[in-house]
Amino acid sequence: MDGQRRAWGWAAALRDGATTPWMDWPADSSGEGAPLSTSLPGAQQLALLRRLNEVAQAAGRTVPLATADRVLAAGVSGRGRGELALVGAAEAGRFGAPPVDPAALSDDELLRVAAGLIADDVAAHDGDPEPDRSLLERARQLRRPWVASFLVLGVQWRAEPARAGLVAHGHRPGGRRPTAYLLADDLGTVLAHAWAARAFDQGGPTWSDFVRNSASFGHLPPRADLPRMARSAAHKYGAGRVVVVLDPSVLATLLGVRSLQGPPQLGAHAIDLVRRVGEPLGLLVDAARRPELLRSTLAARLDGHGGPLPSVPPRWQSWLSSQAERTHHELAAAGYPVLGDLDLLLAGSLPSEPVVPVDAEVLDLALGLLLDPIDPPKETTA
Amino acid sequence: MSKRVLLHVGTPKTGTSYLQDVLFQNRALLLKQGLSYPADRFDGHFLAALDLMRLRWGGLEREAVGAWDKLAKEVRDHDGTSIVSHEILATASRRQVERALASLGHEPDGSGTEIHLIVSVRDLVRQIPAEWQENVKHRATFRYARFLELIRDPERSHRVGSWFWGVQEIPDILARWGATLPPERIHIVTVPAPGGPRDLLWQRFSSAFGLDGLELELTTERANVSLGVPESALVRRINRAAARDLPPVHYRPLVRELLAHQTLSRRTDSPRLSLPPDQYPWVAELTESWIAELTERGYDVVGDLADLRGVAPSEDTWADPDKPSEAQVSQAALEAIRALLLESGAREAEADRLRAKLEEARRELIRARTPRLMRSMEWTVGRLENSSQGRRALGAYRRVRGRNSLSA
């Protein structure tokens, strides 16, 4: 029988919600179908749609046709192999990458397709108008003249939401001769926050590469280097005006708010998905807009998902401990006032099993975002 | 709508940089002849290719947002022949090719814009070492032997292998890009074998692009330069030692431009990088299969497909960049240090000049912010201090005003 027609038959069935693997697809005429477009989708797209159908089926749902069509028409993001031919469907070509069984493709290959599709969804929000703030919200944001001048510093991932929360309650950072509060944490958490910030800003390396690179440099990455941030603040505002914060509740009381707003609770797998989406997104929107777009769309959707924050693999734990000791020593030696216990900087007990992003978990999150996109695509007719 | 598009999609290391530079420098002259090379910067088509293929490229992709659509629109808007050229287009997937051709006005049934696909090709005997060297100039740290292993992986699952064959496997590139084009509109330009006339490649390009008879300015140079064995080994070691500390924005001007292109490439007496002789048999066998396939497909060939056979490497002259002569590497390293010291000195001098200028600007700013009354007082004091009568008058004024204001 014609391998191409059999492949089109499988593609049509997947479009209608089938979950049959390619290798089990009927080899007789009952499995054949007419072409749906000018060229057969790649094995990566077909495998991704089959996985999406499985997820939908498990939830008692079906994948909307418009979504299925988007997946089948998608490209493959980034470097690597282009659309791969199905084994048994393509003529045994002597050139090009060899045909594959879609079930044998790695999750990473499927994520290259999924990340591109999610990036398209995120990019569609570029240019959205700022949401209107109510009169009450605007009144709350007015700076209270009696609030002492202050600044909130630290890893951007942590400091930015804290600042935004304070602004929303009329505690706008700034003013004359401010006190600079440096938000600190145990160094493992600081490092994970630095990686999250980088994932939102640039995409950047995987968690493992990020830790390995940092360790091989022999120093902390700038985003996680608390003594450096403290020195910079001391240079600008005076050493006596830099306060290290290890107990945010004390700072909240000092500033007269109930609590400091924390960052979105994104786990290792969720941050890794953002990192992957950020790469194709970089070709779709202005670089300056990318972090905010990712925060307002993906961070909001992935809040509370993706497991715990990543932890430093055992191989690098001694490096982490020595960096934590160094950070502790430098901040203590500089004599900055501390809110809380400076010993919290030292890496606490690490989980017995290191937490690192796992492609299968990242793909699960991506499939969720394809099934329930940030903006559902308009329905098309079959 | 553009009537005809000459679409040059590769391959790398076939004189493409030189061609693109000539096209860019002569674009006004070409336009007078009805030929459009739509670019407002020399790397405009590179950015468009990054955008089309959604490829990251050391941060350059930030400047590529929307670049393909802009290029395609300029092509569609030109009433005549347009040229699009970049070698990384060779690696575009079928979907990306479909999008690219459609955006240029091509219809799969043959209607629409007349697309001519041009692919310039060179023998694998030279392309394989050149690609490894290109990787090394882009921060790679793997050895030559590892590179050879990666490109021989039949699955092409590693990015190095998939990229290499994506831009070098000529029959596959032409199958992807030429699936909906008649063979007579697909043109292969072969790079002459080593030792051929210097301008033969340009003559072939000129013929393929219809540039014969045009008075083009050909003196420009933007050719990719090559490194010898010890120089390649040195850059790889530099990558291992420092590339992680250098962001792309610093790596590009310091390592690739200053060290590799401007300094180390001038050392032409060192052993040249070549294909290991023990790799030649599989390369030769593969090449024969390509020549047979390309001949059978009936494409237009500018040059000779026999050029793809290359010259078998010699055991006598083969030098292994994984085990280079340490004396030669040291010599290259000294020249690299010299270049970096000179560059550092020049930058220091420039920083001093800028600091002086900044100080001058700061003084100007203070002067501009000083109230007019104060400035006129300073002016009056300055004038009085220039004459004996004035100095006496000033002294009398200061005595009357009292000690506290002597500084005035």
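Visitor: Which residue stands opposite S82(B) in β3(B)?
Guide: In this predicted model, the residue opposite S82(B) of β3(B) is S36(B).

Visitor: How many bridges join β2(B) and β3(B), and is the pairing parallel or antiparallel?
Guide: Strand β3 of chain B covers residues 81-85, and its pairing with β2(B) is parallel, over two bridges.

Visitor: What is the strand order of the sheet in chain B?
Guide: The order is β2-β3-β1-β4-β5-β6 in chain B, an open sheet of six strands with parallel pairing.

Visitor: Which strands stand at the edges?
Guide: They are β2 (35-36) and β6 (300-302) of chain B. Each has a single partner strand, so one side of each has no neighbour in the sheet.

Visitor: Which strands does α9(B) touch where it packs on the sheet?
Guide: Helix α9(B) touches β4 (114-121) and β5 (186-190) of chain B. The direction of α9(B) makes about 170° with that of β4(B).

Visitor: Turning to α8 of chain B, why is it described as largely enclosed?
Guide: Helix α8 of chain B spans residues 159-168, and eight of its ten residues are buried, so the rest of the structure largely encloses it.

Visitor: Which residues of α8(B) are buried?
Guide: They are V160(B), G161(B), S162(B), W163(B), F164(B), G166(B), V167(B) and Q168(B).

Visitor: And what do the buried residues of α8(B) pack against?
Guide: Their packing partners are two helices of chain B, α6 (124-136) and α7 (144-151).

Visitor: A new topic: how many residues of chain B are in contact with chain A?
Guide: There are 28 residues of chain B in contact with 28 residues of chain A.

Visitor: Which helices of chain B each supply at least two residues of the side that touches chain A?
Guide: These are α3 (44-53), α5 (94-103), α8 and α9 (170-177) of chain B. The most comes from α5(B), which gives four residues to the side of chain B that touches chain A.

Visitor: How do the residues on that side of chain B divide into nonpolar, polar and charged?
Guide: On the side of chain B that touches chain A, nine are nonpolar, four are polar and 15 are charged.

Visitor: Finally, what does the domain assignment of each chain give?
Guide: For chain A, the assignment gives domain 1 (3-105) and domain 2 (141-364). The C-alpha centres of these domains of chain A lie 42 Å apart. For chain B, the assignment gives domain 1 (4-124 + 140-225 + 279-308) and domain 2 (372-408).

Visitor: How far apart do the C-alpha centres of domain 1 and domain 2 of chain B lie?
Guide: Those centres in chain B lie 77 Å apart.

Technical notes:
Residues are numbered from 1 along each chain as its sequence is written. Chains are lettered from A and ligands numbered from 1 in the order in which they are written. This is a predicted model: local features need pLDDT of at least 70, side-chain atom pairs count only at pLDDT 80 or more; totals for chains, interfaces and linings use all residues. A residue is buried if 20 or more other C-beta atoms lie within 10 Å of its own, exposed if 12 or fewer, and partly exposed in between; C-beta atoms are placed from the backbone. Two residues are in contact if their C-beta atoms, placed from the backbone, lie within 7 Å. Ala, Val, Leu, Ile, Met, Phe, Trp, Tyr, Cys and Pro count as nonpolar, Asp, Glu, Lys and Arg as charged, and the others, Gly among them, as polar. Two strands pair if DSSP finds at least two bridges between them. Axes are lines fitted to C-alpha atoms, for helices over the stretch in contact, and angles run from 0 to 180 degrees between N-to-C directions. Domain bounds come from an automatic or database domain assignment.
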